[in-house]
Amino acid sequence: MDTPTQPRGCTSFKVRQLSRRLSQHYDAEVSHSGLKTTQYSLLSHLARLGPSRPVDLAGELKMTASTLSRNLQPLIAAGFIAQGAGADARSLLVQLTETGEAKRREAQQHWKAAQLQINALLGVERVLALHQLIDDAMDLLGADDEPAIED
């Protein structure tokens, strides 16, 4: 079979196909913890960052403030994230609660299982190459210059 000299089809469509398939894989495993993968990611970022202003957290996650607000609400209602006063009367901080940290650790075990399954299915070398290709593409596309997206 000849190797094509030009890409065939839409790169965006192919990346979305892969993203959907990977998301389904991770979601299926992480859901055993009662969380969605996006919720696990949010808890993990808060665990790493510590108490944060929502605007800073939204920037870190590359999402709009309204998307973050929608994603925070069920986690606040479940008691995984606490929302409180910030440095001044106009600012708020969100932080992981002890219950949230326990839920994050539980979900992390499922996330790790999903990652190990991907490594086994694709091969570690291919996963490493995929990560490098994605990082290189993000650098070339100027990912940090892009506005936050609405999920």
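Q: What should I know before reading the values?
A: This is a predicted model, where local features need pLDDT of at least 70, side-chain atom pairs count only at pLDDT 80 or more, and totals for chains, interfaces and linings use all residues. Residues are numbered from 1 along each chain as its sequence is written, and side-chain values use heavy atoms, with hydrogens and water left out.

Q: OK. How many helices and strands does the protein have?
A: Six helices and two strands. Helices (H or I, at least four residues) and strands (E, at least two) are DSSP runs, numbered from the N terminus.

Q: In what order do the elements run?
A: From the N terminus on, α-α-α-α-β-β-α-α.

Q: And what does the C-alpha trace span?
A: About 65 × 35 × 20 Å along the principal axes.

Q: How much of the protein is buried?
A: Buried residues make up 28% of the 151 residues. Buried means under 20% relative accessible area, exposed over 50%, and partly exposed in between (1.4 Å probe, protein chains only).

Q: Switching to α4. Where is that helix, and what does it reach?
A: Helix α4 covers residues 65-77, 13 residues in total, and reaches 18 Å from its first C-alpha to its last. That is close to the 18 Å expected at 1.5 Å a residue; the expected span is 1.5 Å times one less than the number of residues.

Q: Which residues of α4 are buried?
A: Thr67, Leu68, Leu72 and Leu75. They pack against α2 (37-49), α3 (54-61), β1 (81-85) and β2 (92-96).

Q: What comes just after α4?
A: Gly79, with a positive phi of about 85°.

Q: What about α3, which residues are buried there?
A: In α3, Leu57, Ala58 and Leu61 are buried. They sit on the same side of α3 because they cover an arc of only 100° around the axis. The arc is that of the directions from the helix axis to the C-beta atoms.

Q: What covers them?
A: The cover of the buried α3 residues includes α2, α4 and β2.

Q: And what follows α3?
A: Lys62, whose phi is positive, near 60°.

Q: Last one, His25. Where is its place, and is it buried or exposed?
A: His25 is in helix α1 (residues 11-30). His25 is buried, with a relative accessible area of 18%.

Q: What does His25 touch?
A: Ala114, Gln117, Ile118 and Leu121, not counting residues up to four places away in sequence. Contact means heavy atoms within 4.5 Å.
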